Structure formats: C-alpha cells, structure tokens
Amino acid sequence: MRDQYGRELVDLRVSLTDRCNLRCVYCMPAKGIAFRPPAELLQDEEILLLIRIAAELGVRKVRLTGGEPTVRPGIVDLVSGIRAIPGIRDIAITTNGILLEHLAEPLARAGLNRVNISLDTLDPEKFRKITRGGDLQRVLAGIEAASQAGLEPIKLNAVVVRGFNDEDVADLAALTLDRPWEVRFIEAMPFGSVAGFVEKGVVKSEEVRARIEERFGSLEPVDLSGETPARTYRIPGARGEIGFISPVTQPFCSKCGRLRLTADGKLRLCLLRDDEEDLLTPLRRGASYEEMKTIFAAAAYRRPVGHALAERLIPQKRVMIQIGG
Ligand code: SAM
Ligand code: SF4
C-alpha cells in the first residue's frame, strides 16, 4: 500500500484508549478533557478486523498506544489476537510503564516484541510534576520487568520541556553508558489546548545535544540516514544509543509511512494535521469487509505531505492523548 506521494505504508499505530493513569503537561490540559463513553470506542473485535484489513493492504508493524494502552482491560488477549493475524511481523507498545511491572511478562508471552517507555526525568519530584502525580519508582520497576521479559531493545522516550526537565537530559543520556537502551529526546509538538504551553516550553534537539555534549564530549553519529524519525548517536564507549526526534525543527514527512487509528475509530492521516477518515461509523452501519478495505485504502492514499507546523498551523481537533503517539 502506498499513498499518493509513493510512501509505502507498513506501520500502523493503534490507540487502545483515550484515557490515562497519568496527565503529562505536554499531552493534555489539567482540566476540560472529555473522555468518550466506552461504547464510542473501538471494541476488540473491531480493532482486530481493522488490523487484519491493514495487514492485507501491506501493514507489517503494529504499535499499541493511547492514552495509556495498558489501562485497557484485556490487552494481553488483544495482543494474542494481533499475533495471529497473517502478515503482522512486529508488535510494539508505547507505554508510560506504570503498569508494566506485572504486564511485561504476560504481554511478551502473548507475542509482544518491543516496548517504548516514556521517561522524562530520573528525579522523583520532577517526575511527579511533569506527569501531574506519577510515581517514578513504578516506571523504573516497569522498565526492569520489560528487560527481564526480553522486550528488547528498550527505547526510552523523553519529551523535553523548559523549566520541567531540560536540566535532566544528561542524566537520562547517562543511562546508555552501561545499558543497551536507546534514550530518545523528542521535541514537544503543539496541539489544541496545550499549544500555548508547549510553544513556550519547547526545547530544540540541538540544545539538548549541546547539554549532553557538555558532560560527555562529542557524540559519535550512529545513524543519520533519515530512514527513521530518530537521528542516533552514541556517547563514546557507551553500550546504548541516544536518539533525537525533531518534528519541530527537522520534519520527517518525506519518509513517513505511518497510519494512526484513534481509539474512537478514525484513521488519522498525519499526526500533525486534522485530516481523518471515520472508520467506526461505516463499520457499525454494517459495511462489508471488502467495503471497509476500500474505504481504508482510499483514505490512506490521500495522506498529505508536509505537516501543519511548517505552515504555522496547529492541529486543533485533538491533543496527543486523544491521538496516540
Ligand atoms: N501513554 C503512553 C506513553 O506516554 O508512552 C502512550 C501514549 S503517549 C501520547 C505517546 C508518546 O507521545 C509519549 O512518548 C509521549 O511522551 C509523547 N507525547 C505526548 N504529547 C506530546 C507532545 N505534545 N509532543 C511530543 N510528544 C508528545
Ligand atoms: Fe498519559 Fe502518555 Fe499522555 Fe503522559 S504522554 S498523559 S502517560 S498518554
């Protein structure tokens, strides 16, 4: 499956819920977010049907996200169901890690291959502030459990926000010295009601890199090919790698082959544009499998190129928790 610009579409991100057990400052506002009633969210069998269609159209990788995917009841059985879909070669999850201590092992047994865990700071107080109440110890236990369960290579994602964790980036980078992990620093993207906050706090990748180099000296380039969203480096002699994801200063659009399915059943054609195709409505109105496949492929073909930030437009319809990163 390719879009109108010839980009191959092999990667589907599936949001399992619009809810979360944390409330990160860059992802959702403190108040005023309306969660959808469960009946308006995709049910397990609907998710499996849409992934089956995607796989028949050429999707090979599925990443489960949210909201917080691990708060969805039945996530382990869902992973087993995805594992059974012909064509899906890789199943990953993006999680805040809070519930991973007890879920990592069953998820790995069900067929999960890899995990990305969000970790913005190693300071418990700052962690509580940035997540509005989260307990860092639980995340660290979750990371350990993922490692024990063989969900490697573990990637840790940090969104850097000035005044919250910009002084912590070298400590996070230090995790790669003796662990084979990839610590990735992400530029915060503005969405709807958090856009003003994010625009004031965004820290560009170049500044993050300079702070890390201040402590560890020049980083060695590992992969700057642009084939993946992260440009990766290594602290000389370190076991792991450091990645920079720079949607604000270095958009990745020309190579982006991602589709996103929101928890309320919309196919989002670009993370940073509001263009969506409603799949839930035709599905519930009784469209046939073949009709759904046609709707899916036609929407995917229409994917835009060049994200809205480059045009100084900020996506308004949803904040990140409602999309799935
Ligand atoms: N709850 C899970 C987690 O935090 O990993 C999965 C969903 S979360 C929306 C997915 C990723 O999006 C996380 O790595 C999070 O840090 C990132 N994210 C959230 N809001 C963002 C923003 N405004 N800009 C950049 N990344 C953001
Ligand atoms: Fe929840 Fe993840 Fe958003 Fe934080 S980034 S509020 S953990 S969905």
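Visitor: Where does Pro153 lie?

Guide: Pro153 is found in the loop between helix 5 (136-148) and strand 5 (155-160). What you see is a predicted model, and the bond that leads into this residue deserves a look.

Visitor: What makes the peptide bond from Glu152 to Pro153 stand out, cis or trans?

Guide: The bond from Glu152 to Pro153 is cis, and its omega is near -5°.

Visitor: What is the value of phi for Arg132, and where is this residue found?

Guide: Phi of Arg132 is near 55°, which is a positive value in a residue other than glycine. Arg132 sits in the loop between helix 4 and helix 5.

Visitor: How do you know whether Arg132 is buried, exposed or partly exposed?

Guide: Buried means under 20% relative accessible area and exposed means over 50%, with partly exposed in between. The relative accessible area of Arg132 is 32%, and therefore Arg132 is partly exposed.

Visitor: Why is Pro124 called partly exposed, and in which helix does Pro124 lie?

Guide: Pro124 lies in helix 4 (residues 124-130). Its relative accessibility is 40%, so Pro124 too counts as partly exposed. The C-alpha atom of Pro124 is separated by 7.0 Å from that of Asp135, a residue 11 places away along the chain.

Visitor: Let us turn to the helices. Why are helix 2 and helix 3 called roughly parallel to each other?

Guide: The axes of helix 2 (residues 75-83) and helix 3 (residues 100-110) cross at roughly 20° and come within 8 Å. Angles under 35 degrees count as roughly parallel, and helix 2 and helix 3 are therefore described in that way. Their crossing is right-handed. The contact is made on the side of helix 2 by Ile75, Val76, Val79, Ser80 and Arg83, and on the side of helix 3 by Leu103, Pro106, Leu107 and Ala110. Sorted by class, this contact has 7 nonpolar, 1 polar and 1 charged residues.

Visitor: How do you know how helix 1 and helix 2 are oriented to each other?

Guide: Helix 1 (residues 44-56) packs against helix 2 at an angle of about 25°, and their axes are 10 Å apart. Since an angle under 35 degrees is the requirement, helix 1 and helix 2 are therefore roughly parallel to each other as well. Helix 1 passes helix 2 in a right-handed crossing. In this contact Asp44, Ile47, Leu48 and Ile51 of helix 1 meet Leu78, Gly81 and Ile82 of helix 2. By class, the residues divide into 5 nonpolar, 1 polar and 1 charged.

Visitor: Which residues surround ligand 2, and how many of the shell are nonpolar?

Guide: Ligand 2 is surrounded by Cys20, Leu22, Arg23, Cys24, Cys27, Gly67, Asn96 and Ile321. The shell has 5 nonpolar, 2 polar and 1 charged residues; Cys counts as nonpolar and Gly as polar in this division.

Note on methods. Residues numbered from 1 in each chain as written. Chains lettered and ligands numbered in written order. Predicted model: local features only at pLDDT ≥ 70, side-chain atom pairs only at ≥ 80, totals over all residues. Heavy atoms only, no water. Axes fitted to C-alpha atoms, helices over the stretch in contact; angles between N-to-C directions. Helix = DSSP H or I, 4+ residues; strand = E, 2+ residues; numbered from the N terminus. Parallel < 35°, antiparallel > 145°, perpendicular 65-115°, else oblique. Left-handed = near helix turned anticlockwise from the far one by under 90°. Contact = heavy atoms within 4.5 Å. Near = heavy atom within 4 Å. Buried < 20%, exposed > 50% of the residue type's maximum accessible area, 1.4 Å probe, protein only.
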